[in-house]
Amino acid sequence: MSEAAGRTAVNPRRADGLIGRIGLALGPILLAFLTTAVLLAILGRDPVAFYRDILLAGVLRPSGLQDSITRMAPVLLVGAGLIVSFRASLWNLGADGQYLLAVAFVAGVGSRVIGDLPPVLGWVVLAVAAMLIAGAWTFVPALLKARYGLNEIVTTLMMSFIGIAIANVLIKGPLKGDEMVPQTFVYPEGTMLWDLPGTTIHVGVVAALVVVVLVHLVLTRTSLGTRLDVLGANPRAAVHMGIDVPRLIVVAFFLSGALIGLAAASDIMGIFGYVRADWDPGYGLKVVPLVFLAGLNVIAFIPIAAFFGVLSIGGDYATRKADLPSDFILVFIGLLFLFMIVTQYVSARRARGEPVLPAWFRRTLPARDATEGDGG
Amino acid sequence: MVDLLSPTFLTAVLAAGIVAGIPLLFASLGETLAEQAGVLNVGLEGMMISGAFVAFVTALAVGDYWIGLLAGGIAGAVVSLVMVVFCIRLGLDQIVVGIALVLTAEGATSVLHDIWYSRSYPRLPNVEPFRIPLLSEIPVLGGSLFSQPLVVYVALAGVAFAAWAIRRTRWGLELRAAGERPDSLDAAGVSVVRTRTVAELMCGFLAGVGGGYLALVGAGTFVPFVTHGAGFIAIVIAMLARGRPWWCVLGGLLFGISLSITTALQVAGIAIPVDFVEMLPFISVLVVLVLFVRESRLPSALGLPYLRGSR
């Protein structure tokens with residue numbers, strides 16, 4: 001199998017300057033908001049009220065704002081994980097399985113042992129374990145890709161479905177607490193991550209920000225980052241540079257999974273303290289468009305993660321109030337994704353000085369006067 | 001405790017396996033056509049779920065499952081139009097557009113289902129099987145293979161036709177050339193874009209019919225996320241089939257039976273967690289993929305947009 005599926009998706013580093021980049025990110029968001037507003041109107045909902053509710057519940061209420069900031073932590077870490085693999089043109093689409101296996105461990109095992117572990121050290125041990133578990137879940141796709149060049153899109157997805165099912169089996173079986181409902185034990189009082197003084201924001205959010213900055217430094221300031229970029233740009237060039245490509249593939253996948261596992265640890269130890277069977281926030285595919293919106297740049301991803309935090313916290317409230325299922329957010333994100341691709345396509349053509357509309361489309365337009373632009 | 005090797009039990013497993021496998025057969029057949037032409041459809045899941053939803057809505061309104069399946073197929077083709085415009089025409093990345101399609105289609109069908117049906121949860125009547133005379137009297141095979149809804153036989157006929165068309169017709173040759181050496185096809189005076197567009201639309205149609213079958217015959221209703229990764233499994237099957245449609249039948253059947261065996265064992269009183277049932281198809285497909293990894297091969301221009309004159 002060739003590396004058919006392995007090129008950088010949309011060239012993110014093409015737009016010039018900060019303004020251009022921000023425009024490339026804001027344009028699709030605005031277009032998606034407008035289209036969603038039309039859809040809401042068709043469904044008989046008031047778009048203005050819907051967006052006002054998102055803003056109200058996600059930003060303006062103090063508790064909502066704190067929830068939105070807290071929601072940033074998993075999104076940031078999952079996003080950083082995706083960026084690590086995407087920069088190497090490796091499609092880790094199995095984040096959900098990796099995340100939930102780590103969740104099952106941190107909630108199921110962590111809730112039983114955290115009381116016996118010294119404070120702080122216990123959190124670190126569990127977080128490292130979560131990273132190892134989620135990282136290890138990438139081994140099968142990574143090795144198949146490294147050894148046989150097998151398309152990792154399908155293998156990571158397969159492993160994701162399997163991982164989700166195993167997590168559920170564990171939560172309903174060996175890791176089940178003594179409640180009637182299938183869920184794990186709950187973290188004992190005082191063993192959860194501390195909240196920042198005067199807020200409900202746990203320290204995991206701060207840790208996530210620090211980790212994300214470290215990931216950025218690794219990606220931009222170390223040889224590992226360069227090697228990942230080379231692999232992403234051109235696998236053949238990477239071989240010629242003397243890079244051990246199979247090993248790099250496994251490393252990139254492992255790092256990607258480990259960051260996703262850290263998101264799981266932060267969520268369980270910081271917010272929930274337990275997990276119920278069949279719970280799945282589905283970060284995997286939802287975060288994919290967002291990291292592309294950030295141009296696969298971890299720092300640029302921070303404001304976008306904040307945006308997503310507001311969108312999901314405020315969106316929960318707004319969809320409930322508008323009597324819509326919370327899956328409505330998926331439509332918005334899918335549209336955002338499509339508009340982003342089109343926006344980047346248009347800006348790339350403009351940067352090359354080509355007409356924005358492709359030739360086959362222009363031919364369908366009425367021919368313009370040949371003397372146009374002559375200036376009289 | 002049911003005797004696990006009794007004819008009744010085997011018949012039930014095989015019959016349920018076929019029911020579960022047919023959507024995969026349709027979708028992987030479509031994906032085979034698209035992959036041969038050089039288009040990787042990550043959005044197959046989105047086409048299937050759109051087909052499932054539209055087929056359900058139509059069948060519920062009209063009361064005829066043939067029209068439902070047709071409507072599902074059209075819905076799948078409409079979704080694949082997005083791939084045609086963005087990927088085949090504009091040359092944008094097929095994977096990115098595919099993921100966007102999956103997200104949008106899953107979200108949209110879930111929302112519409114919630115608005116229209118979340119209070120009533122309507123169901124469709126069971127589809128009457130078509131018993132082939134004489135053959136349906138054979139033990140085990142008769143009650144399963146030869147007593148299926150008519151559309152199953154139509155699907156098998158379609159496989160035979162596709163197998164012939166891909167290998168033996170000019171159209172099939174052009175299709176494979178679009179996937180292997182699009183520049184040669186272009187030089188021969190055949191439009192790569194048009195060849196790929198036709199293949200992609202057929203893929204969308206077949207995936208939509210597959211999704212429709214899943215909803216109408218398999219489940220008898222539509223629930224959000226009903227395809228549950230079937231589209232992705234179909235991509236794997238198409239990868240292993242390497243352009244040979246009969247292998248799609250085999251892959252679909254493998255998937256279907258691995259699903260029905262666990263269900264049947266549950267019925268037989270052996271406690272298997274439902275999560276394990278959900279997991280088994282993915283494991284079996286992954287195991288086959290690992291075993292035959294050297295066999296799986298994709299067209300060399302798969303996933304690459306063809307833009308005339310760019311090298």
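## A walk through helices in chains A and B

B:Asp186 is a buried residue, with a relative accessible area of 13% (buried means under 20%, exposed over 50% and partly exposed in between, using a 1.4 Å probe and protein chains only). This is a predicted model, in which local features need pLDDT of at least 70, side-chain atom pairs count only at pLDDT 80 or more, and totals for chains, interfaces and linings use all residues. Residues are numbered from 1 along each chain as its sequence is written, chains are lettered from A and ligands numbered from 1 in the order in which they are written, and side-chain values use heavy atoms, with hydrogens and water left out.

Let's stay with B:Asp186 for a moment. This residue lies in helix 8 (residues 182-187) of chain B; helices here are DSSP runs of H or I with at least four residues, numbered from the N terminus. Not counting residues up to four places away in sequence, B:Asp186 touches B:Val192, B:Tyr306 and B:Arg308, where contact means heavy atoms within 4.5 Å.

Next comes B:Ser260, placed in helix 11 (residues 245-267) of chain B. B:Ser260 is also buried, at 5% relative accessible area. With neighbours within four places in sequence set aside, B:Ser260 is in contact with B:Val13, B:Ala16 and B:Gly17. Its side chain reaches the backbone nitrogen of B:Gly17 at 3.5 Å.

Helix 2 (residues 44-62) of chain B shows burial across a whole element: 14 of its 19 residues are buried, so the helix is largely enclosed by the rest of the structure. At 1.5 Å a residue, helix 2 of chain B should span 27 Å, and its end C-alpha atoms are 26 Å apart, which agrees (the expected span is 1.5 Å times one less than the number of residues). After this helix comes B:Gly63, with a positive phi near 85°.

Now over to chain A. Just after helix 14 of chain A, A:Asp323 takes a positive phi of about 55°.

Which residues of helix 14 of chain A meet helix 9 of chain A? They are A:Val298, A:Ile299 and A:Ile302, and their partners in helix 9 include A:Leu209, A:Val212 and A:His216.

Note on methods
Helices (H or I, at least four residues) and strands (E, at least two) are DSSP runs, numbered from the N terminus. A polar contact is a pair of N or O atoms within 3.5 Å; within protein, one must be able to donate a hydrogen and the other to accept it, and residues adjacent in sequence count only if both atoms are side-chain atoms.
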